[in-house]
Amino acid sequence: MSDVLRRPDAHQQVRIPHQSTTSDPAPPGRPHVLAVGAPGPSREQLTRTLRLTGHEVTHAVPGDVHRQVRQAMPDAIVALDDGPDGRRQGPDVISEVRADPAGQALPLLMVTTARTPATVAELLRHGADDCVPEASDPVELSARIAAKLHRVPVPVEQLLLDPRTGLYSAPHFMAELDRELQRPAAARRGGVLAVVGVAETAALETRLGPRVRREVAERLAQVVDGASPARAEPRAWGSLGSVCDRLGWDDEGRLLVLMPGVDEETAAASLREFAAAVAGTRFVVADENVRLTPAVGWTPLGPCTGGGASTQAAEQARDAAEEALRHRDLRPVRYEPWMRAAAAHGHRRARRGPRALLAAVTPLLSPVLMLALGVGVPFLCYRQAYEMGWDAAAVAYWVVVAGLVTSALLILLECLFSLDAKQRPATPGQPYPVASAVIAAYLPNEAATIVDTVESFLRLDYPNELEVVLAYNTPHDLPVEETLRDIARRDPRLVLLPVPGSTSKAQNLNAAVTRVRGEFVGIFDADHHPAPDAFRHAWDWLSNGYDVVQGHCVIRNGESSWVARLVAIEFEAIYAVSHPGRTRLYGFGVFGGSNGFWRTDLLARTRMHGSMLTEDIDSTMRALNAGARIAMDRTLISRELAPTMLKPLWNQRSRWAQGWLQVSLKHLWRGLRSPVFTRRQKTGLFVLLGWREVQPWLTLQILPILLHAAWRAGGADRLDWAVPVCLIAAAVTLSAGLVQAAFAWRLAVPELRVRRGWFWRYLLVSTVFYTHFKNMVARAAHLKEVLGDRQWRVTPRAAVAAAAPTGAEGGS
């Protein structure tokens, strides 16, 4: 609780001796009024009026109120709204008075010449207790001052309940919590305490003053009660209100929520819906239209352990809210004991245990486990089954053949449907709005390329305002930051947004989404150079009924190494063929993590979850489940850098594969049961999230089958390799790769289409090596997930020797 002057006990105050030189001491008992205003006729007239009505008067000019209040505590303050030059100074004077703890409880009357309803409302909202016209009768002014002195204002935090919102002040809320915890165990079952912080509170307070803390808590309380007229998801509103018993707020503007008798699952679900409703609504705070990011922490109400139980529960919920604040992904966080240690030491404690030990030795265990699980165990099972009279290997053989053929046919279907991909609307459905680009960067990894990237964004061609937000984290200061600050000073379109404590791209994006001003936002990695027309073409989709559009990522450093050339052609197979073909075939697109454009409202409600290694695919599934439409446009170009060596490529693809597995485990079964998706879309979900996880292990089964066949025949030299079905399956599989490479060349961007040799080499390397490499990566990623190794290994960036053209016809 802030150290405010307690006006209800004014008769007990110790008064600082009055030493003003601007007026003579008044007889004892005369009310002391501080008249605030610049010297001039208006202040002189106010002074005469106050003295004639029996008040002791001292003076202060705006900006010097704090010193005067400290020097001689007045009984009331009367301030002029109008300055000597005709400009209004009332709101600034009110903020100055109320910012001082000693002035928070003082009666404050404003005198104004423009006593319109709008002016009075503005002054009262800023914190004035009354407003009188300058031409009012002296008797009226004196009566109003006397009324305030007899019925002194009390700061709302000192009341039991805020009369406007029904919120308990922090001390009274804690008393209610303590009362709940002291109830007999037989009469209290379950219950949850939640603390809701807001990530934007500090920034709002810097701009608008400390009163925004209470306003933020009030806005959150409106969501709980379902009282706000602006509703993002009407079905979600009021859910928390149905299980919430008491609401309060603390000095930091955090909402305190008590939910007695509620089980943890119900409480968590209600808190999730509440967070989504807050994130999906624009609020008016201190006359500004803002987005808020709720950080929800909660803890179950356990058995009472003494008089400090309420304080302990509140501390735990606050620690969980701090953890939620790090991620800004709208997910309520349940308190865990390690959070207390993290709060005490100012950093997150690394968790240790058997899983951490296994994760440390995963690189050594993976090859052995893959051979044991994928080859050794099946071979022993086939042999045991054969000895028992059942040829299980023969059944497995036909399953593998069918799987290989199915995979090949799916690739061929994607190629064919890519030719019929939906075309971009010819014209925008609405005028071009303000747009935003968010570049997410881990600065130490991007230092060599980030300036080039930022400058490429500032050259983009967009018919309306385009702001460029660089949301970055760095463990230490870097020289490139000063260069970026120089660019921002020259070009106000560049907004630098450091995200302290961030450990992921998702956290950077979540911090930026409430900062952006655009109606839609483009998301990019720090090595991307979008084509000049990218944002214009993205709006063509978004203004015609789509919520997200994914563009075509093109490699711009293919000359760097054979690995980069391999990835360059692979990206054409993915972004020019597979993504458009799948979108047309299954009826939905996929957000690829970069060069994707979102409606800002949808992104604010969806956020990115940093716990997912492929937060882009996870956000895709959550957006689709909310009814979003996602398009894929291969003409929406952005050029990026590829890994130039095999080890960084392994790390990158391992993270992708493990992330897809996480998404499959989280969303596949839920999506197949969801009424939101059509049968066609559910088929696509099964292929993308189910079949892709089975296929790497299925292809490996050919080895134990061959080993079993050789064992049964008495040696590999006695096998008949010219089996028609096997040859046909091999031919179909190889032809699928050939067709995909041909389609990739046919639909590639012009600067890569002229590199025919790259496509032939890709076909050869993919057939004999790269396909098997990716299957190995997928199997290793599965084992890493099982062993609990979810470490994010950063893909190194290197500056390109010569910057590649970014036009539609450019090449590297």
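Trainee: Which strands does helix α18 (residues 479-490) lie across, and at about what angle does it run to β16?
Mentor: This is a predicted model, so read each feature as part of a prediction. Helix α18 lies across β15 (466-473) and β16. The angle asked for is the one to β16, and it is about 145°.

Trainee: Which strands stand at the edges of the sheet that holds β16?
Mentor: That sheet is open, has 8 strands and shows mixed pairing. Its order is β16-β15-β14-β17-β20-β19-β21-β18. An edge strand has a single partner strand, so one of its sides is left without a neighbour in the sheet. The two edge strands are β16 (494-498) and β18 (529-530).

Trainee: In β20, what is the bridge partner of V548?
Mentor: Start with the strands. Strand β19 (residues 548-555) and strand β20 (residues 596-599) pair in the antiparallel sense, over 3 bridges. In β20, the bridge partner of V548 is W598.

Trainee: How many residues of helix α19 (residues 505-513) are buried?
Mentor: A residue counts as buried under 20% relative accessible area. In α19, the buried residues include K505, Q507, N508 and N510. A506, L509 and V513 are also among them. Helix α19 is mostly covered, and its buried count is 9 of 9.

Trainee: How is the aromatic pair of F457 and F524 oriented?
Mentor: A pair of aromatic rings is described by the distance of the centres and the angle of the planes. The count of aromatic pairs comes to 17. For F457 and F524, the centres are 5.0 Å apart and the planes are at 80°. Planes over 60 degrees apart count as edge-to-face, so this pair is edge-to-face.

Trainee: How many residues apart in sequence are the parts that F457 and F524 tie together?
Mentor: F457 lies in helix α17 (residues 450-458), and F524 lies in strand β17 (residues 520-525). Both residues are buried. The pair therefore ties together parts whose separation in sequence, in residues, is 67.

Trainee: What is the orientation of the F520 and W539 rings?
Mentor: F520 is in strand β17 and W539 is in helix α20 (residues 534-542), so the pair ties together parts 19 residues apart in sequence. F520 is buried, and so is W539. Their ring centres are 5.4 Å apart and their planes are at 20°. Planes under 30 degrees apart count as stacked, so the pair is stacked.

Trainee: In β2, what is the bridge partner of V33?
Mentor: Strand β1 (residues 32-36) and β2 pair in the parallel sense. In β2, the partner of V33 is V57.

Trainee: Which residue in β4 does V78 stand opposite?
Mentor: Strand β3 (residues 76-80) pairs with β4 in the parallel sense, over 4 bridges. Strand β4 (residues 108-112) is mostly covered, with 5 of its 5 residues buried. On one side these are L108, M110 and T112, and on the other L109 and V111. V78 stands opposite L109.

Trainee: What is the handedness of the crossover from β4 to β5?
Mentor: β4 and strand β5 (residues 130-133) run parallel and are joined by 4 bridges. V111 stands opposite V132 in β5. The chain crosses from β4 through helix α4 (residues 117-126) to β5, and this β-α-β crossover is right-handed.

Methods
Residues are numbered from 1 along each chain as its sequence is written. This is a predicted model: local features need pLDDT of at least 70, side-chain atom pairs count only at pLDDT 80 or more; totals for chains, interfaces and linings use all residues. Side-chain values use heavy atoms; hydrogens and water are left out. Buried means under 20% relative accessible area, exposed over 50%, partly exposed in between (1.4 Å probe, protein chains only). Two strands pair if DSSP finds at least two bridges between them. A crossover is right-handed if, with the strands pointing away from the viewer, the path from the first strand over the helix to the second runs clockwise. Contact means heavy atoms within 4.5 Å. Axes are lines fitted to C-alpha atoms, for helices over the stretch in contact, and angles run from 0 to 180 degrees between N-to-C directions. Rings of Phe, Tyr and Trp (its six-membered ring) pair if their centres lie within 6.5 Å; planes under 30 degrees apart count as stacked, over 60 as edge-to-face and the rest as tilted.
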